[in-house]
Amino acid sequence: MKLVLTCIATLAATALISGTAQASEALAKSKNCMGCHTVDKKLVGPAYKDVAKKYAGNKGAEAELTKRIKGGSSGLWGGAPMPPNTNVSDAEAATLAKWVLSLK
């Protein structure tokens, strides 16, 4: 019985985690982030997986990315600047940053 409950709990946790990932990708699409970025290849801006690699192990990465999502940035990934994303709330920017950093 304990094994069955453990399996159910594991499946539920997996569904929640994958649901969060899907929700964050949907958020990125709804905020037009995917017009310049993709998950796994460079478009206008870097691939999200490349961003996650660059910031792996950086304790301040989530706050830094949240700030860059909201305020824009330039010169970090080449010549194309990322404009400020004024239609993204602070909470949405934090959600997006956390999602990007979770990609492998």
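Student: What percentage of the 104 residues in the chain is buried?
Tutor: The model is predicted. A residue counts as buried when its relative accessible area is under 20%. In this chain of 104 residues, the buried share is 28%.

Student: Which pattern does the chain follow along the sequence?
Tutor: The secondary structure has zero strands and four helices. Read along the sequence, the pattern is α-α-α-α.

Student: How do helix 2 and helix 4 lie relative to each other, parallel or perpendicular?
Tutor: Their axes are 7 Å apart, and the packing angle is about 85°. Angles of 65 to 115 degrees count as roughly perpendicular. Helix 2 and helix 4 are therefore roughly perpendicular.

Student: Which helix gives the most to the lining of the largest pocket?
Tutor: The largest pocket holds about 640 Å³ of space. Its lining has 35 residues, and among the closest to the centre are His-37, Arg-68 and Met-82. Helix 2 (48–55), helix 3 (61–71) and helix 4 (90–102) each give two or more residues. With four residues, the top contributor is helix 4.

Student: How many charged residues are in the lining of the largest pocket?
Tutor: Sort the lining by class. There are 21 nonpolar and eleven polar residues. The charged residues number three.

Notes. Residues numbered from 1 in each chain as written. Predicted model: local features only at pLDDT ≥ 70, side-chain atom pairs only at ≥ 80, totals over all residues. Heavy atoms only, no water. 1 Å grid on protein atoms, 1.4 Å probe; cavity = no way out; pocket = protein on both sides within 12 Å on 5 of 7 lines; lining within 4 Å. Points joined across faces, edges and corners; volume = space filled by probe spheres on them. Nonpolar A, V, L, I, M, F, W, Y, C, P; charged D, E, K, R; others polar. Axes fitted to C-alpha atoms, helices over the stretch in contact; angles between N-to-C directions. Parallel < 35°, antiparallel > 145°, perpendicular 65-115°, else oblique. Buried < 20%, exposed > 50% of the residue type's maximum accessible area, 1.4 Å probe, protein only.
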